[in-house]
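Subject: Structure handover

Hello,

Here is the structure I said I would pass on. Please look it over before reading the notes below it.

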Amino acid sequence: MNLQSNQIKNEIENLTSLNKSLKDFVYRVSHDLQSPLNAIKGLVSFIELEGESENTSEYLGMIKICLDRLDESIKNNLQYSKNNFLDLDLTEISLRKTFKDATDVFFSRIRSSGIKLQIDIDQKAPFFSDKFRLNSLLVNLIDNAIKYQKKDEVNKSIIIKGVSDDEKFRFIISDNGIGISPMYHDRIFEMFFRLSGLAEGYGVGLYIVKETIETLQGLIEVKSDGMNGTTIVVELKNFKR
Amino acid sequence: MSSNLHLNFHRVMVIDDNQIDKYIIKYVVSTKKFSDVILDYDCADKALEYLTENQNNLSMLPQVIFIDINMPGMSGFDFMKVYDKLSYILKNTCKVFITSATNVSDSDLYKLDDKNIVSFLQKPITRNHLEVIQNLVY
């Protein structure tokens, strides 16, 4: 009897927390979508008001930036909702191939910004996890490592190293970019958190990363003195059969 | 009718990290000749520095402040907490309008209930908003 009421209590707690995260999610989606949409509305009203003028191409340029943001936030939200509302899909994963696929997405950006990328994955045992979530995690982390490089650095580099065994897969992604000041290390995984002056993103990338890592039963740690790059350490559970 | 009123302000302050949103407010303010000077800030702490420095200098203070809620570092609501500690002259001069792309989330609604906030405005800021503000302030 007692056991049963405990189970019910747990179930209610789970549902309450799921309900809360759904509410947050809806709020975030509407904010992400509405923010660029409202800006587009404003800009279109200028064009209506002025007719074609010397400013038109500037307005159109800004509208295009807003559309890119819309596009990006729809992708982000899709990723996030898949992570939150789909069950874990465990399969055997070739780690080397997964990392290659995740970095291939960035091939042209890595080349055009002159970043030297080094990947060293040592897979010692079959690794089981959720392929989709692992990929989303990697894409987010590598995207940050590329985005936050120092503009005037001559030897831009990203080093990825990983070792897997029966129990876990541990990897690091290390860059020599602008770094993250230690005072923000606790806050960077919060929803909407952005570092001042780098208002490029929406402040959801690392939030999605954290949520994904929790689902994969892993840990994440950030190491950076705020000047000499960032090292992200991730440890993921091997859901071996 | 109200759009013909030449009741413009001397100084208006705009605080928004989103450059396009800020551009839109500045555009509307300047085409509507709503203000002689626009004080333009990307973040709340820099704006607070200005306000603190000039809190007893009436001629330097903005009559209207537009501040966005979602900003990196200090949010619009964080700004309001510090703002409340500024001088009486300042709080009596500046009319604060808080802006956001969406309605305020349920968990933040109570923060709008602040005696220093005149009203909440949903972006994009338009000429109509400015007319409403003129009517409210004058």
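The notes below cover the contact between the chains and then the sheet.

This is a predicted model, in which local features need pLDDT of at least 70, side-chain atom pairs count only at pLDDT 80 or more, and totals for chains, interfaces and linings use all residues. Residues are numbered from 1 along each chain as its sequence is written, while chains are lettered from A and ligands numbered from 1 in the order in which they are written.

Contact between the chains

Chain A brings 19 residues to the contact and chain B 16 residues (in contact: C-beta atoms, placed from the backbone, within 7 Å). On the side of chain A that touches chain B, α1 (2-50) and α2 (56-85) of chain A each supply at least two residues (helices are DSSP runs of H or I, at least four residues, and strands runs of E, at least two, numbered from the N terminus). The largest share of that side, 11 residues, comes from α1(A).

Sheet in chain B

Chain B has an open sheet of five strands with parallel pairing, in the order β2-β1-β3-β4-β5 (strands pair if DSSP finds at least two bridges between them). β2 (35-41) and β5 (117-122) of chain B each have a single partner strand, so one side of each is left without a neighbour in the sheet. β4 (residues 95-100) of chain B pairs with β5(B) in the parallel sense over five bridges. In this pair, B:Thr99 stands opposite B:Leu121 of β5(B).

Regards

Technical notes
Contact = placed C-beta atoms within 7 Å.
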